[in-house]
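Colleague: I have a structure open and want to learn how to read its features. Can we take them one at a time?

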Amino acid sequence: MRKGIKLLILLIGMSCEQKEEVRDYLIHVPELITLSGKWVSTDTVDMEPSIRNFQGQATLNRDLTSISWLAAAPYTGGYHTGTMRVNGKTPICKLFKWEAHQALRKTEIDSISIQSATRMVPDKHLILWEVIFKNESKRVQELVVEQDQIGFVSKFGGEWQWWYPYPKLDGSTTTRDDETENIRDHLGQGITSKEALVTELINGKPTQTKKVATWPSDMEIMEAEKFITEERKDGFLTRDTSSAAMTAFQNFVPTNERRKFQAGGTSFWNFSLKPGASKIVRFAMAFGDDREAIDHLLDFGQRGFVEEWDQVETVWNDRWYELFKRDNNILSGTFPILETDDERLKKVYYKGPLTMLYLMHTNLPQHEKVFLTGGPRWGASITFFWDITEWATLWAVVDPEMMKEHLTSWIGIDPSSHYGQDNFGGSGVGNGYSANYWALFQMIRSYVTVSGDMDYLDQIVKDKTVLQHLEAYATNWKRISIYGQNGAQDEVYKLADFGDDEWNLLECVPTYKHIVPSFNAGYIWMMRETAELLELRGKALKAAEMKTEAEEMVGRLLQLYAGNGVWNSLYPNGEKIEVRHCLDFMFLGRYIPDDIPEDIKKDMMDFVYRELITDHWMRAQSLQDVAAEDSDRADHGPLGAFDGWPAGTMDALVQLGFPQKSMDFYHSITPVTEEGIWAQAHELWGDSKLKKNAAVRIAKRGWHNRESSAGIAMSQVVLKNFFGFYPSVDGAVIQKNEGWHMEGKLYHVKYKGEYYTLSSSDKGIQMIKE
């Protein structure tokens, strides 16, 4: 509330000239609708579009109206919300289109074109549908439209995990198997079983077994005894008998008939369409645990459905532009505004703030505001340390107050046991990741150097100062080193050993374990950065010791070079396994570029262009890797890449001295943005998947997320690498790219509490206080 009052006073006090200046900044921000996805054919789509509203999320299905994986903590939905039938047939979607405020589906059946739009009302447990039928034939057509309206929603408390709880016919579960996905894949087909490879989550790992998979029919779902339904106005109210959850549907076009079942009902509309004529059907769904509140959500009063419908887009547009204003009411900083004539650069850059806004949730009790890592199927309340640290420098600019509050909370979570936080229950979640120590360190380092809040280093959190926690993170490699044990007596083993479980590292790459180059390079960087911080605190002797240890680690790490631009993983007893993966290129390039001999740098560059970078994306792992056939997951394997990896690769290219190659790579991924925002991974697919010109799409297989936060790092590349904004511990702000520049400006870059404009031209980079 205070921010809103502050903004109002600021606007009132502005002169006309100052108001015009604000408007001039915003003209460089593209309209939200221009950043929408394009219409894409469903036979080329692996992952269906989602919808969100800052409190909940869901995924569209391949019929025209149902949604699945509805999650708005503490509420989740099972199976789906109900399909539509036209003259007894279930129309199957032929085209999808994602937009921030809605998701669209389109098809044609018996010369009737059908387009549906689904919107989640911002900040409310309310979903709206609009379906438009048009007669494309030259004769009058009689239509009987049936819409199942299933209220299969339950309420769950306690701690949530990446695999959040949801209701099934036999009660609640957190198990992830293929049952719901099989239902989604066979909507309207009348099929309820098949023999197939079934993927189940066993001991936290997706495991495939061949069996006859079965799933309930839509009628079995609608007759689920755990729910009770009654009619209400022109719709239904469904109660969950195992929790306080209630779900109501309201039709906003009068029905001709309604039929009630246990878990919902079916609404019918009968109408004639003359040639070229159209008919619109509108309905809504609300959920919660209070009947009066649900009735209020569905009572649009004088404003009516259309005004409520239009308001959804208005709110999204308002919040979009708010992100880019100084002293806005969403962030404690501002997302920098990019001015450039480079349309490809601009398109990729502005997908970052859109991803951030889309993943913003404001109803989870642990924090006033969170940026979720993924969703909708997974992680409806979770923030991963690894994903969000990929854009740590940018986050410190955009929202330093939020960042500090989150970091203070996360320091209390054991990084050896958990990869992130459940923002609903508050606890640490998942297993320990080898990346966690580096991730937390990088975020804290970014916060203090960008905000200038060096006093934070002295704040006590969990009985230690923040600086002491940084020391512990940076020296964790000593605690996990196996040096001195049987099979590890050689000096080269004085490095971090990450154990023999690949799930602590890249999950799907079976050879990437024990002593790997990437995170050891991260530890060298952490030791050096900690030494710089210690010097600021007058601890010169301790700082010198850490720098010496870091130098010694570099020598040992370089012994892992395998030749041809790739690196070995070192196992006990001297065994070395060559791993051709982008992670080693990224980490060595980003964190120890000056320590790499020039001939090895050249080899690394040859490798990344020969085996990883494709025409419009990249491979995380080379097809020539010895474990490529056993690592086929779209994020970390040979047929795609986690959306954070291209950004990390671009960063490494700049640090290694090749900024133009980084810019060329940035330009080349522009077509990837046409399906929507950043995802967990984009995969290389189709007949060309093994070639440089491989087609690219958002990946679903391997249980991936439709959207994910790591891709926001693409915007950080512009800030950090192309404009050089990367404040160091010693106070240097701009890291210059010698002999190279781009043309453009970044407005509203918040540094040490003040806003600056970064201007890049042939005169270099200038940083001017606004």
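Colleague: Which residue forms a salt bridge with Lys542?

Modeller: Side chains of opposite charge can pair when their charged atoms come close. A salt bridge here is a side-chain nitrogen of Lys or Arg within 4 Å of a carboxyl oxygen of Asp or Glu. In this predicted model, Glu471 pairs with Lys542, with the closest N and O atoms 2.5 Å apart. Glu471 lies in helix 12 (residues 466–474) and Lys542 in helix 15 (residues 540–558), so the bridge ties together parts 71 residues apart in sequence. Helices (H or I, at least four residues) and strands (E, at least two) are DSSP runs, numbered from the N terminus.

Colleague: Is Glu471 buried or exposed?

Modeller: Buried means under 20% relative accessible area, exposed over 50%, and partly exposed in between (1.4 Å probe, protein chains only). Glu471 counts as buried, at 10%. Lys542 is partly exposed, at 37%.

Colleague: How many salt bridges does the structure hold?

Modeller: The structure holds 54. Five residues, Glu48, Arg62, Glu181, Arg184 and Lys700, are linked in a network of them. Take Arg184 and Glu181: their side chains meet at 2.9 Å, N to O. They sit 3 residues apart in helix 3 (residues 179–185), so about one helical turn separates them. Arg184 is buried at 5%, and Glu181 is buried at 6%.

Colleague: Where does Lys700 lie?

Modeller: Lys700 bridges to Glu181, with closest N and O atoms 3.0 Å apart. Lys700 is in the loop between strand 36 (695–698) and helix 20 (713–722), 519 residues from Glu181.

Colleague: What is the strand order in the open sheet of 5 strands?

Modeller: Strands of a sheet pair through backbone hydrogen bonds, either parallel or antiparallel. Two strands count as paired if DSSP finds at least two bridges between them. The order here is 2-3-4-5-12, with antiparallel pairing. Strand 2 (50–52) and strand 12 (153–155) are the edges, each pairing on one side only. Strand 4 and strand 5 (residues 75–77) pair over 2 bridges. Ala72 stands opposite Tyr75 in strand 5.

Colleague: What is Ser68 in contact with?

Modeller: Contact means heavy atoms within 4.5 Å. Ser68, in strand 4 (residues 67–72), touches residues including Ala58, Tyr79 and Arg184, leaving aside neighbours within four places in sequence. Ser68 is buried, at 1%.

Colleague: Which rules apply to the numbers?

Modeller: Residues are numbered from 1 along each chain as its sequence is written. Local features need pLDDT of at least 70, side-chain atom pairs count only at pLDDT 80 or more, totals for chains, interfaces and linings use all residues, and side-chain values use heavy atoms, without hydrogens and water. pLDDT is the predictor's confidence in each residue, from 0 to 100. The chain averages 94.
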